[in-house]
Amino acid sequence: MPLSGDLLRLADAVLFPGFTGHAPPDWIRRRLGAGLAGVVLFSRNIADPAQVARLTAALRAENPEVLVGTDEESGEVTRLEADTGSSRPGGYALGVVDDVDLTESLAAGLGADLSRAGISLDFAPSADVNSNPDNPVIGLRAFGADPALVARHTRAFVRGLQSAGVAACAKHFPGHGDTSVDSHHGMPVVAESGIEDALFPFREAIAEGVKAVMTGHLLVPSYDAELPATLSPKVLTGLLREELGFDGMIITDGIEMAAVAGTYGIGGASARALAAGADAICVGGEHADEATAAGIRDAIAAAVTTGLLPEERLAQAARRVRELATWAASSGSQDPADGQVGLAAARRAIRVTRRSTAAVLPLGPEPCVVELAPEMNLAIDRKTPWGVGEPLSRLRPGTSTVRLTAGRSTGPELERVLGQAAGRPLVVVVRDAHRHRWQSEALRHLLSARPDTVVVEMGLPARSDLGAVHIATYGSARVCGQAAAEALTGSL
């Protein structure tokens with residue numbers, strides 16, 4: 001049976017697709033003119049702030065109240081600064097400093113940058129409590145492992161962003177922190193024992209007036225033993241709406257992720273998420289084509305005709321999306337951001353542990369830097385630069401840097417590096433060394449030959465007793481590398 005035009009337009013009113021290119025393709029323009037709710041920008045859409053402003057202006061020429069969303073958490077997950085590395089550290093560094101005024105100021109500056117670029121919805125902050133240090137996808141994106149700390153910084157980040165007229169979106173409800181599976185690839189399960197701690201930051205974000213909440217593709221057996229949160233009426237309607245009292249827009253995490261689409265397909269998962277209580281469907285991280293967006297629209301409309309998705313529920317979802325769009329259209333801010341807040345925060349987050357009585361720091365001339373580079377999760381753009389070698393070379397001319405991946409970190413290669421570093425200061429940079437056996441083994445090899453090595457951990461530091469000096473940055477953003485280089489040279 002053909003689907004009615006009105007029903008297809010209603011389905012479009014809850015859809016946030018991605019697309020390719022630095023300008024909106026024709027299909028996006030057409031769909032916006034016909035009522036498409038919004039779009040999601042990824043780093044592939046972003047060259048520089050001026051280009052993004054032109055892009056978003058072109059989108060608004062088709063639909064003045066379009067919601068333009070992006071994942072700009074600061075730190076590791078950045079879209080605006082994917083090519084350069086973020087000028088602001090991520091959540092964990094802010095939690096280490098534990099200055100809520102600093103967090104609010106940083107978020108307000110981020111909001112100002114987003115607003116000037118025409119972005120009205122930021123999929124941040126991560127309100128997850130990273131209580132599992134082996135978590136492969138949250139880690140430094142969280143403010144920490146303590147629910148109260150995460151809650152107060154979540155509130156501060158929400159205040160800062162929304163003071164700039166950009167809608168904040170607390171994620172990944174009901175909490176992705178106490179998991180050991182990446183929902184891009186499989187189904188994480190949240191233990192019943194930690195669910196109240198996981199919910200606390202979301203309760204506080206709602207009390208702060210957060211405009212949106214993003215679902216996590218997580219199984220929460222204490223609420224629903226069969227359906228992941230994104231598809232569960234018990235979690236989205238019973239818990240988030242009724243128990244926690246949230247009345248803003250609920251948007252899904254990327255609906256093409258395996259934890260939900262693997263069972264129901266992208267269209268089927270979209271319809272079921274809306275039926276469960278979600279208001280908006282986010283798609284396009286991996287499937288950014290017109291056919292995918294049209295298929296989701298058609299699947300939503302078809303679900304109404306079959307009774308899977310009540311039309312009243314779809315209309316309610318579209319209303320919540322419109323309400324957020326109206327708020328965003330009248331709340332923009334063009335106040336300039338303080339360009340120094342991010343570096344100041346990164347400097348304050350540095351933690352140095354000295355384990356040798358020898359004068360290891362400041363480094364002498366022409367240091368050798370070895371960066372051990374693990375494969376990152378899909379939330380982190382692979383092209384985003386990170387490390388200590390580049391900023392250190394500006395402070396210590398003659399610095400040499402070698403970057404090793406798991407495949408290159410062999411015994412002969414490590415011996416070759418040690419030969420190059422003979423008679424020179426040696427710095428080894430790691431990211432989440434405790435989660436990657438090859439990093440731990442490479443580090444052990446290097447430290448056994450050079451106990452005077454300085455170790456810089458740019459991930460989550462599970463231990464600080466490695467190297468003659470251990471430096472924890474709690475992040476790999478550009479400013480974290482700069483702050484580490486300053487610590488190495490005594491200029492911090």
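Tutor: Let us begin with residue classes: Ala, Val, Leu, Ile, Met, Phe, Trp, Tyr, Cys and Pro count as nonpolar, Asp, Glu, Lys and Arg as charged, and the others, Gly among them, as polar. Please keep in mind that this is a predicted model.

Student: Into which classes do the residues of the lining of the second largest cavity divide?

Tutor: That lining is made up of five nonpolar, four polar and three charged residues. Its members are Glu73, Ser74, Glu76, Val77, Gly90, Gly91, Pro125, Ser126, Leu140, Arg141, Phe143 and Phe157, and the space in this second largest cavity comes to about 80 Å³.

Student: What can be said of the second largest pocket, and which helix gives the most to its lining?

Tutor: A pocket is an open set of points, whereas the probe in a cavity cannot get out. The second largest pocket contains about 300 Å³ of space, and of its 20 lining residues the closest to the centre are Ile46, Asp48, Pro49, Leu80 and Glu81. Helix H3 (49-62) and helix H5 (100-116) each supply at least two residues of this lining, with H5 giving the most, namely three residues. Eight residues of the lining are nonpolar, three are polar and nine are charged.

Student: Turning to helix packing, at what angle do H6 and H7 pack?

Tutor: Helix H6 (residues 147-163) and helix H7 (residues 195-208) pack at an angle of about 30°, and their axes lie 8 Å apart. Because angles under 35 degrees count as roughly parallel, H6 is roughly parallel to H7. The crossing of the two helices is right-handed. On the H6 side the contact is made by Pro147, Ala148, Val150, Ala151, Thr154, Arg155, Val158 and Arg159, and on the H7 side by Asp197, Phe200, Pro201, Glu204, Ala205, Ala207 and Glu208. These contact residues divide into nine nonpolar, one polar and five charged.

How values were computed:
Residues numbered from 1 in each chain as written. Predicted model: local features only at pLDDT ≥ 70, side-chain atom pairs only at ≥ 80, totals over all residues. Heavy atoms only, no water. Axes fitted to C-alpha atoms, helices over the stretch in contact; angles between N-to-C directions. Helix = DSSP H or I, 4+ residues; strand = E, 2+ residues; numbered from the N terminus. Parallel < 35°, antiparallel > 145°, perpendicular 65-115°, else oblique. Left-handed = near helix turned anticlockwise from the far one by under 90°. Contact = heavy atoms within 4.5 Å. 1 Å grid on protein atoms, 1.4 Å probe; cavity = no way out; pocket = protein on both sides within 12 Å on 5 of 7 lines; lining within 4 Å. Points joined across faces, edges and corners; volume = space filled by probe spheres on them.
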